[in-house]
Amino acid sequence: MPLLGMRRPDLPASEAALRQRAGGERSWTAQESPLADRRAGLFETCANPHCSTGWLRLWRSRSGPILEGGWSCSPGCTEELVRTALRREMEARGPVRETHRHRVPLGLLMMEQGWITAAQLRQALEAQRTAGGGRLGQWLMRLHGISEELMTRALGLQWSCPVLGLEYHDAEALTALVPRLFLDAYGALPLRVAAGRVLYLGFADRLDPVLALAVERMTGMRVECGVVCGAQFGPAHQRMLAARFPHVELIEAASEAALARAFARALEKTRPVAARLVRVHDCLWLRMSTRAQGGMLAEPDATRDVIGLMGIR
Ligand SMILES: [Zn+2]
């Protein structure tokens with residue numbers, strides 16, 4: 001089930017439409033990669049609506065920098081485009097957060113299924129309380145011999161998502177999809193890409209719909225989330241984190257304005273043929289492509305990520 005049943009807005013593919021909707025609503029198209037190649041001919045004028053240049057700067061290459069389909073004629077205009085994108089990301093309400101609520105507690109769910117008894121649940125909760133923590137599932141497995149497979153099935157029911165397998169997992173081939181930092185911080189594992197359009201994203205115990213939505217907007221692929229059995233997830237996650245990822249730069253900024261300046265500098269320096277900005281929880285993720293890409297999958301050596309974190313002094 002995609003993104004826990006959240007409906008995607010059905011939007012036209014044009015970047016112009018995306019810009020018109022930039023007033024806060026999240027919008028993207030799954031039909032076309034946002035980072036796909038676009039002809040330079042489309043960018044005959046600066047994309048900054050407040051550009052004061054008034055005429056074409058013929059001496060500036062028009063192959064870049066291009067942010068979300070718009071070419072900017074000067075560093076000042078690049079910064080203005082970044083500010084607009086950044087504001088949109090900061091103001092966007094997170095409808096997916098709502099899905100975190102009203103989740104049936106795991107223990108109750110397992111009891112309803114007849115997989116554990118009320119006494120077993122009480123004991124596990126008691127042990128959890130006495131120990132001052134630990135996941136309930138771990139306590140159920142330890143105290144009552146509940147199998148990992150059953151726990152994974154229960155998690156799948158709790159999150160209304162499929163249980164995903166790790167067959168033919170090729171970590172190296174998937175590193176260009178999501179930066180290592182996010183896989184590490186949010187416990188996610190890209191599993192495979194089907195037909196070049198659907199990305200299966202696995203989690204060990206809790207889904208992260210915010211990350212899934214961000215990856216969907218960034219890659220243009222549909223993201224299907226699921227839980228993976230913990231015994232399989234751990235080693236595969238470690239292998240993945242040890243693989244080679246696209247170049248990434250981390251930025252800590254004291255304010256939104258400082259972050260916009262830093263992103264603009266990165267765009268001016270890299271001059272990407274395509275770039276996009278999305279928010280992932282407290283991070284802002286700018287992805288740049290240094291050359292036109294054929295398919296939906298980003299090419300690691302042509303991909304530069306900049307991840308910004310605000311509020312750190
Ligand atoms: Zn301009």
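Strand 8 and strand 9 (residues 303-310) run antiparallel and are joined by 7 bridges, where strands are DSSP E runs of at least two residues, helices are H or I runs of at least four, both numbered from the N terminus, and pairing requires at least two DSSP bridges. This is a predicted model, in which local features need pLDDT of at least 70 and side-chain atom pairs count only at pLDDT 80 or more, whereas totals for chains, interfaces and linings use all residues. Residues are numbered from 1 along each chain as its sequence is written.

**Exercise 1.** Determine in which order the 4 strands of the open sheet are arranged.

*Solution.* The order is 6-9-8-7, with mixed pairing. At the edges stand strand 6 (247-253) and strand 7, each of which pairs on one side only. Within the sheet, Ser289 stands opposite Thr303 in strand 9.

**Exercise 2.** Describe how helix 2 lies relative to strand 7.

*Solution.* Begin with helix 2 itself (residues 75-91), whose 17 residues reach 24 Å from first to last C-alpha, close to the 24 Å expected at 1.5 Å a residue, the expected span being 1.5 Å times one less than the number of residues. Next, helix 2 lies across strand 7 and strand 8, running at about 25° to strand 7; axes are lines fitted to C-alpha atoms, for helices over the stretch in contact, and angles run from 0 to 180 degrees between N-to-C directions. Helix 8 (residues 209-219) also packs on the sheet, touching strand 7 and strand 8 (contact: C-beta atoms, placed from the backbone, within 7 Å), and its direction makes about 170° with that of strand 7.

How values were computed
Two residues are in contact if their C-beta atoms, placed from the backbone, lie within 7 Å.
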